[in-house]
Amino acid sequence: MTTDTPVPVVNGHSGDLLASLKQQAVSWTSKRSRAFSSPSIYPPNLPYECGGAREYNSYVLYALIAGIPYLVKRVLCLSLSSYLILTAILALPIGALSLVVHSWLVSAPTEQICALPNEPLESYITILDKELKAKYAGSKIPMEVFFESYFDGDIDLKGDALAIFEKRYDWAFFPITLNVAKFFVLQWIPELIWHSKKQDETQVRDHYDRGDDFYAAFLGDRMIYTSGLIGDSEKRESLEEIQDNKLRDVCERVQIRPGDRHLDIGCGWGTLVAYAAKNYGSESVGVTLGRNQTAFGNARAAEWGVGDSARILCMDYRDIPRRPRYNRITCLEMAEHVGVRKFQEFLLQVRDMLEDDGLFYLQIAGLRGAWQYEDFSWGLFMAKYIFPGADASCPLNWVVAQLETAGFEVRTVETIGIHYSVTLGRWYENWMGNKDQIIKTYGKRWFRIWEIFLAWSVIIARQGSSTCYQILAHKNRNAFDRSALLRKPYGYGMPSGSQ
């Protein structure tokens, strides 16, 4: 691995963070057939694996679900029908309790390619609260306890958050704590079940109307809160470059042509809408619940000279007029907020709004199926602090099944988690560079919440805990011209067998 690539200015010093990560990664990349090759990414310096699905024995779970009610049946001399009813009632609590207990007891997988430094907790953080310090001195701390205490000011970091989180397995573990369980039962599940217009409006406006300056502090000039795309893996592209790459990619993927009616659902600050209208001649409409986003997007469209062909509307997606239909519909990292219960209804609405020969582009974040306990911890942290109500962040097979059930044919799928990791890393650098101004305007707690979110998510996206999918779909109709979507195979035109 090379260590002489240009690195950014981070937190007031010239590239110390990225240079440190690259240097520390050298110690274990020699065990690999090849090193991380692109200078754009943030390489892991401790690619340790957390316990999870592979260590969680489903057969033991089935035995508990069947066995515990049976013991109750024997003790109380219940009938077979009573046993079956009792099993149905206790199955979910038994499963939940087994998951909680296992999260505290699970050992890390043995197939590791690196060893933990085994440095004391105090090497990474300073615990200011006396009771907390007495409880965890010399041991690992539950991740949920760490970030709650850090936000409350009871813990300080000894260094850069991203560098510390790269070594998180050395100082933290990921059990399901009482607070996590309470949040899941009392807030996450009710939000998943409900997803009313009022709930979604409250959550979106509380989040996105905080202040454009808050988001500009990490999103930069483009004001795009979705994953960018690396275009040139041989150089270190800027945030603006990878976001411009994404804008072009989306427009080309859905084959936007002059005069096309284009709808962007959950358009954020409207950059894609204005970009499509300006560069591809589309009649583009964006929809968001954010008042600030609506004003910003319309102002940007006017500034770019496309105020007549690019409009941002402030409304719930369920209220979008369905006629006339659209030639192209895009939805970038908004569908997670639709919710699991409403997802099929949402896709049926999209299908109804789309012309029979139209294309639907869905970019959606999702958790991996082969979970680790860190995935749970991060997911619930995100649901509580960053993206409340985004419960439709599911594995790819679930999303594809939902699309097919709604009458779509999935044309292409790409996993862009590594691109998302780079995007998050650029956001993190911006955030840390604007630290003083953020704390002055919004306070230390808000700064710390986004500091942890961005630093941790760089790693989460890179390691596949949560990734992002680009999905191109169309109506599954016999008359659809599938030949219009033909793409040349990789290596087409090269001599057979050439390298």
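Predicted model: local features only at pLDDT ≥ 70, side-chain atom pairs only at ≥ 80, totals over all residues.

Mentor: Let's start with a word we will need throughout: two residues are in contact when they have heavy atoms within 4.5 Å of each other. Residues are numbered from 1 along each chain as its sequence is written, and side-chain values use heavy atoms, with hydrogens and water left out.

Two packed helices are described by the angle between their axes and the distance between the axes. Each axis is a line fitted to C-alpha atoms, over the stretch in contact for a helix, and the angle between N-to-C directions runs from 0 to 180 degrees. Helix α11 covers residues 239–253 and helix α12 covers residues 271–280; they pack at about 65°, and their axes lie 10 Å apart. Angles under 35 degrees count as roughly parallel, over 145 as roughly antiparallel, 65 to 115 as roughly perpendicular, and the rest as oblique. The two helices α11 and α12 are therefore roughly perpendicular to each other. A crossing is right-handed if the near helix is turned clockwise from the far one by less than a right angle, and left-handed if anticlockwise; α11 passes α12 in a right-handed crossing.

Which residues do the touching? From α11 come Leu247, Arg248, Val250, Cys251 and Glu252, and they meet Thr271, Leu272, Tyr275, Ala276 and Tyr280 of α12. Sorted by class, the residues of this contact are seven nonpolar, one polar and two charged. (Ala, Val, Leu, Ile, Met, Phe, Trp, Tyr, Cys and Pro count as nonpolar, Asp, Glu, Lys and Arg as charged, and the others, Gly among them, as polar.)

Arg253 is in contact with threonine 412, as are Gln470, Ile471, Leu472 and Arg487, leaving aside threonine 412's neighbours within four places in sequence. Threonine 412 sits in strand β12, residues 408–415. With a relative accessible area of 19%, threonine 412 is buried; buried means under 20%, exposed over 50%, and partly exposed in between, using a 1.4 Å probe and protein chains only.

Helix α8 (residues 178–194) packs against helix α15 (residues 373–385) at about 50°, with 11 Å between the axes. That angle makes α8 oblique to α15, and α8 passes α15 in a left-handed crossing. Here Val180, Phe183, Phe184 and Trp188 of α8 meet Leu380, Ala383 and Lys384 of α15. By class, this contact has six nonpolar, no polar and one charged residues.

Just after α10, glycine 220 takes a positive phi of about 75°. Most residues other than glycine have a negative phi, and most peptide bonds are trans.

With that in mind, look at some loops. Cysteine 77 has a positive phi near 55° without being a glycine; this cysteine lies in the loop between α2 (58–76) and α3 (80–105), and at 68% relative accessibility counts as exposed. Glutamate 333 also has a positive phi of about 55°, but with a relative accessible area of 12% glutamate 333 is buried. Its place is in the loop between β10 and α14 (343–353). In the loop between β9 (310–314) and β10 (326–332) is proline 324, and the peptide bond joining arginine 323 to proline 324 is cis, with omega near -5°.

Finally, step back to the whole protein, which has 19 helices and 13 strands. Buried residues make up 53% of its 499 residues. Of the contacts with a separation of 6 or more, 78% join residues 24 or more positions apart.

Note on methods:
Helix = DSSP H or I, 4+ residues; strand = E, 2+ residues; numbered from the N terminus.
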